[in-house]
Amino acid sequence: MRSLGRGTCSEYWDWRAEKHDQSQWSGSGEVQQAVVAAVLSAVPPGASVVDAGCGTGRLSRALAEAGLLVTGIDSSPGMVRKAIATNSVAGRTTYLRADARDIPMPSESVDAVLQSLVLHNIVPDWRSAIWESWRVLRVGGSLVIVESFPPTAPACRRFFMTCTGLVHQRSHFTRAELLGALEETGLSVTSSLQVAIRDFSIDRWAKCVARDARTRVRLLELYQGVPPECREEFGLRQTAADVTITLRHELFSCLKIPATG
Ligand SMILES: C[S@@+](CC[C@H](N)C(=O)[O-])C[C@H]1O[C@@H](n2cnc3c(N)ncnc32)[C@H](O)[C@@H]1O
């Protein structure tokens, strides 16, 4: 059994549980709509889904309301408490404290696993969460992943890593590394979809993710002074008191294929 809390920043996420849904990180419904459509198109009615790293449970709830049986797991007790209190659907949601690298389910027992904006928070062994999803999925089951990647241009990547480094630990894997890990695991990517979240407020984000006023101010200052060559990459717009950017997430639908040989 993997010990809970190891490398998961669970204490940080406990703190963030109260403010998480205000951060615009998942947009105003864009990610939710895309996730529900992707999962529903991949599973039979009433199917079982594990929402790994469920946070406050907003996606678990949307999936349950669409008729699925959802187990939301999260390594942060604060997130699990918040999910139970605010996003339970009678008879259709169960929330548990558990690690995405050690899902408390038998092998080949679930129809779909969702990992929304969770893999990059698993440091450093994010790949083991993909293997673990593969283990619990039945053959023909689906893994749906929502991720965001650091920019590839060196100056923008450096800037991004400076900013995220002020907030909490993060794995900085690339899109190619994620695709490589999926292939190695025996998961076939059947589709991918870009989800853009426009007018993402850095001021609002900083208030949700930084634990002290100094870090909040520093984050806003950094974005106000973003290197000119990165302005377009981030879709950056500056107002008197704030900076907004366009966040780009990508949703991958993957199928567990039968092992060969
Ligand atoms: C950015 S939030 C995403 C929450 C939710 N999936 C969503 O899309 O709104 C990341 C979540 O992953 C959880 N998390 C981080 N590492 C984890 C791990 N190893 N196992 C399970 N949950 C983890 C955090 O506690 C947090 O709730």
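**Figure 1. How much of the protein chain is buried.** Buried residues make up 38% of the 261 residues in the protein chain, where buried means 20 or more other C-beta atoms within 10 Å of a residue's own, with C-beta atoms placed from the backbone. Bear in mind that this is a predicted model: local features need pLDDT of at least 70, side-chain atom pairs count only at pLDDT 80 or more, and totals for chains, interfaces and linings use all residues. Numbering runs from 1 along each chain as its sequence is written.

**Figure 2. The whole protein chain.** Along the principal axes, the C-alpha atoms fill a box of roughly 55 × 40 × 35 Å.

**Figure 3. A right-handed β-α-β unit.** Strand S2, helix H4 (residues 77-86) and strand S3 build this unit. Right-handed here means that, with the strands pointing away from the viewer, the path from the first strand over the helix to the second runs clockwise. S2 (residues 69-74) and S3 (residues 93-97) pair in the parallel sense over 5 bridges; pairing takes at least two DSSP bridges. Look for Gly 72, whose bridge partner in S3 is Tyr 95.

**Figure 4. Around Ala 62.** Ala 62 sits in helix H3 (residues 58-65) and counts as buried because it has 21 C-beta neighbours inside 10 Å. Setting aside neighbours within four places in sequence, Ala 62 is in contact with Gln 32 and Val 36, contact being C-beta atoms, placed from the backbone, within 7 Å. Gln 33 is 29 residues away along the chain, with 8.8 Å between its C-alpha atom and that of Ala 62.

**Figure 5. Packing of helix H5.** Among the buried residues of H5 (residues 126-136) are Trp 126, Arg 127, Ile 130 and Glu 132. The buried residues of H5 pack against strands S1 (48-52), S4 (110-116) and S5 (137-147), plus helix H7 (175-185).

Definitions and conventions. Helix = DSSP H or I, 4+ residues; strand = E, 2+ residues; numbered from the N terminus. Buried ≥ 20, exposed ≤ 12 C-beta atoms within 10 Å, placed from the backbone. Contact = placed C-beta atoms within 7 Å.
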